[in-house]
Amino acid sequence: MTKHVVGRADSIPEDQHQVFEIAGRSVVVYRIGNEYYAVLNYCPHQGAQMCKGPVCGTNVPSEVYEYNFGRKGEIVRCPWHGWEFDIKTGKALAPVKKKLQCYEVVIEDGMIGVKM
């Protein structure tokens, strides 16, 4: 795996994201609190740009007739069809086998590195 340095960690505000071109691929780096996650900017369903989808939360397990909202800022929704994915793992929230391609992010000396 090669580490690609894409920019300063402080260039992405908390709970925001930025798109980078890395080795011919469009990659979105999301900052959730002080953690960074990178995913391919491509929905595995039909190819929408994930960077254009809203970052949100979702309903979390709760009692019958209760609807509790949680995981704010950890879910990205496809802008075309609304499929939801966990930014941290790439897994779809619906029971499908598709997932986002994720990449490891390392922060060294204040710089963001994406391993591909």
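**Close-ups of a predicted model**

**View 1. One aromatic pair turns up here**, counting rings of Phe, Tyr and Trp (its six-membered ring) whose centres lie within 6.5 Å. The pair is Trp83 with Phe85, a tilted one at 6.5 Å centre to centre and 35° between the planes; planes under 30 degrees apart would be stacked, over 60 edge-to-face, and the rest are tilted. Phe85 is buried because its relative accessibility is 0%, whereas Trp83, at 23%, is partly exposed. Buried means under 20% relative accessible area, exposed over 50%, and partly exposed in between (1.4 Å probe, protein chains only).

This is a predicted model, so local features need pLDDT of at least 70 and side-chain atom pairs 80 or more, while totals for chains, interfaces and linings use all residues. Residues are numbered from 1 along each chain as its sequence is written, and side-chain values use heavy atoms, leaving out hydrogens and water.

**View 2. Glu74 sits in strand β6, residues 68-77**. Strands are DSSP runs of E, at least two residues, numbered from the N terminus. With 17% relative accessibility, Glu74 counts as buried. Leaving aside residues up to four places away in sequence, Glu74 touches Ile32, Cys56, Phe85, Asp86, Ile87 and Lys88 (contact: heavy atoms within 4.5 Å).

**View 3. Six strands make an open sheet, ordered β1-β9-β8-β4-β3-β2 with antiparallel pairing**. At the edges, β1 (3-8) and β2 (17-22) each pair on one side only; pairing takes at least two DSSP bridges between two strands.

**View 4. Strands β8 (residues 102-108) and β9 (residues 111-115) run antiparallel, joined by five bridges**. Here Glu108 stands opposite Met111 of β9.

Notes. Helix = DSSP H or I, 4+ residues; strand = E, 2+ residues; numbered from the N terminus.
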